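Please work through the exercises below with the sequence and the model side by side. Each task is followed by a solution that goes step by step.

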Amino acid sequence: MLYFAYGSNLNHFQMKRRCKDSAFLKKINLSNFKLTFRSKYRAADIEPKKNSIVPGALFEISKSDERKLDIYEDYPILYKKYFFSHYGKKVMTYTMVKKTLFAYPTERYLNVIKRGYKDCNLDNRILKKALKA
């Protein structure tokens, strides 16, 4: 299964620890969405926004990895699954169920994401923009 990471799961060390079968494939952009942070956890989320992109990473994951991610993402309470097509292939990601107001992430969580941006060679300008919401 293909999985799109856009938050702390961009961090290769964390992703491998969490999902032992996962394999980083490449960086991709999710079009017509924007990155934000919300909920009492101050966690990353995406929401529809025309002419905007969310940089992220495409991973191949196993069914076992998906079950582990479901637990980590508190699916279906905190996050729900969102599917999109990338070059004709079905890709799964997570979006928050309740769209609360913006909440600045903790320094520790943000550092995990910043490391993930480096790991995946992503342009961090969009991350910086999301933090100014």
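Predicted model: local features only at pLDDT ≥ 70, side-chain atom pairs only at ≥ 80, totals over all residues.

Residues are numbered from 1 along each chain as its sequence is written, and side-chain values use heavy atoms, with hydrogens and water left out.

**Exercise 1. Charged pairs**

Solution. Begin with the criterion, by which a salt bridge is a side-chain nitrogen of Lys or Arg within 4 Å of a carboxyl oxygen of Asp or Glu. Under this criterion the structure holds 10 salt bridges. For the second part of the task, buried means under 20% relative accessible area, exposed over 50%, and partly exposed in between, calculated with a 1.4 Å probe on protein chains only.

**Exercise 2. A pair between a helix and a strand**

Task: Locate the two ends of the salt bridge between Asp70 and Lys81, and state what lies over the face of Tyr75.

Solution. The side chains of Asp70 and Lys81 meet at 3.2 Å, N to O. This pair links distant parts of the chain, since Asp70 belongs to helix 2 (residues 63–72) and Lys81 to strand 4 (residues 79–86), 11 residues apart. Helices (H or I, at least four residues) and strands (E, at least two) are here DSSP runs, numbered from the N terminus. Asp70 is buried, because its relative accessible area is 15%, and Lys81 is likewise buried, with 19%. As a further step, note that salt bridges with shared partners join Lys34, Arg38, Asp45, Glu47 and Lys99 into one network. Finally, it is Lys81 that lies over the face of Tyr75, 4.6 Å from the ring centre; a charge sits over a ring if NZ of Lys or CZ of Arg is within 6 Å of the ring centre and within 35 degrees of the ring normal. The charged end of Lys90 sits over the ring of Phe83, also with 4.6 Å to the centre.

**Exercise 3. The surroundings of strand 5**

Task: Describe how strand 5 is joined to strand 1 and to strand 4.

Solution. Two strands pair if DSSP finds at least two bridges between them. Strand 1 (residues 2–5) runs parallel to strand 5 and is joined to it by 2 bridges, with Leu2 opposite Val91. Strands 4 and 5 form a hairpin with 2 residues between them, and Tyr87 in the turn has a positive phi of about 50°. Strand 5 (residues 89–96) is largely enclosed by the rest of the structure, because 6 of its 8 residues are buried.

**Exercise 4. Aromatic rings**

Task: Classify the ring pair of Phe4 and Tyr6.

Solution. Rings of Phe, Tyr and Trp (its six-membered ring) pair if their centres lie within 6.5 Å, and planes under 30 degrees apart count as stacked, over 60 as edge-to-face and the rest as tilted. The count by this rule is 9 aromatic pairs. The rings of Phe4 and Tyr6 have centres 6.2 Å apart and planes at 35°, so this pair is tilted. Phe4 is buried at 0% relative accessibility, and Tyr6 is buried at 5%. Both rings belong to one aromatic cluster, which is formed by Phe4, Tyr6, Phe33, Tyr82 and Phe84.

**Exercise 5. Backbone details in loops**

Task: Where does Pro76 lie, and what kind of peptide bond joins Tyr75 and Pro76?

Solution. Pro76 is placed in the loop between helix 2 and strand 4. The peptide bond that joins Tyr75 and Pro76 is cis, with omega about 5°. For a further backbone detail, turn to Arg42, which has a positive phi of about 55° although it is not a glycine. Arg42 lies in the loop between strand 2 and strand 3 (43–60), and is partly exposed, with a relative accessible area of 33%.
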